[in-house]
Amino acid sequence: MSQGLPAAGSVLQRSFAAPGNQAQPQSPEDDDRKVRRREKNRVAAQRSRKKQTQKADKLHEEYECLEQENTVLRREIGKLTEELKHLSEVLKEHEKICPLLLRPVNFVPVPRLDPVAGCLPR
């Protein structure tokens, strides 16, 4: 054997072999290692797929919750919009008869603690 060159069948020589030209494993230990490596890889792939599925399921659940919340909020917006319309109409009607708004401009009002109380029915 010459100096500096790897021995026949060494790891270095096998790593440079073409994929189609690889020799069969030399020993049962190599077979066992290959089987263990494939099994380990298979388990890791299953774990990875399961994790992806769980992540997708979690995102879908979050999406459904947000959709429900969005529906509830849209209903609330509708109710509040209707309430705003109603209160605006009530205010317009009140402005027509409000004694504070109907006073003459040159009239000096008597100071009160609560000016709104003068508008409310007694």
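Reader: Start with glutamate 82. Is that residue buried, partly exposed or exposed?
Author: Glutamate 82 is partly exposed, at a relative accessible area of 49%. Keep in mind that this is a predicted model.

Reader: Which residue does glutamate 82 form a salt bridge with?
Author: Lysine 85. The closest N and O atoms of the two are 3.7 Å apart.

Reader: Where do glutamate 82 and lysine 85 lie?
Author: Both are in helix α2. They sit 3 residues apart, about one turn of the helix.

Reader: How many salt bridges does the structure hold?
Author: It holds 4. Among them is the one between lysine 96 and glutamate 93, with the closest N and O atoms 3.2 Å apart.

Reader: How many residues apart are lysine 96 and glutamate 93 in helix α2?
Author: They are 3 residues apart, so about one helical turn separates them.

Reader: How open are they?
Author: Lysine 96 is exposed, at 55% relative accessible area. Glutamate 93 is partly exposed, at 48%.

Reader: Which residue does aspartate 30 meet in a salt bridge?
Author: Arginine 33. Their side chains come to 3.0 Å, N to O. The pair is 3 residues apart in helix α2, which runs over residues 28–97, so again about one helical turn lies between them.

Reader: Aspartate 30, buried or exposed?
Author: Buried. Its relative accessible area is 18%, and buried means under 20%.

Reader: What share of the chain is buried?
Author: Buried residues account for 3% of the 122 residues.

Reader: New topic, charge. Which residues gather in the patch of negative charge on the surface?
Author: Asp57, Glu61, Glu64 and Glu67. Glutamate 64 lies in helix α2. That residue is partly exposed, with a relative accessible area of 38%.

Reader: Back to the overall fold. How many helices and strands does the chain have?
Author: The chain has 3 helices and 0 strands. Along the sequence the pattern reads α-α-α.

Reader: Where is confidence lowest, and where is it highest?
Author: Confidence is lowest in helix α1, residues 11–15, with a mean of 49. It is highest in α2, at 97.

Reader: What pLDDT does the chain average?
Author: The average is 81, and 64% of the residues score at least 70.

How values were computed:
Residues numbered from 1 in each chain as written. Predicted model: local features only at pLDDT ≥ 70, side-chain atom pairs only at ≥ 80, totals over all residues. Heavy atoms only, no water. Helix = DSSP H or I, 4+ residues; strand = E, 2+ residues; numbered from the N terminus. Buried < 20%, exposed > 50% of the residue type's maximum accessible area, 1.4 Å probe, protein only. pLDDT = per-residue confidence, 0-100. Patch = residues over 30% accessible without salt bridge, like charges linked within 9 Å, V, L, I, M, F, W, Y side chains within 5 Å. Areas by Shrake-Rupley, 256 points an atom, 1.4 Å probe, with all protein chains shown as cover. Lys, Arg positive; Asp, Glu negative; His and termini not counted. Charge placed at Lys NZ, Arg CZ, Asp CG, Glu CD.
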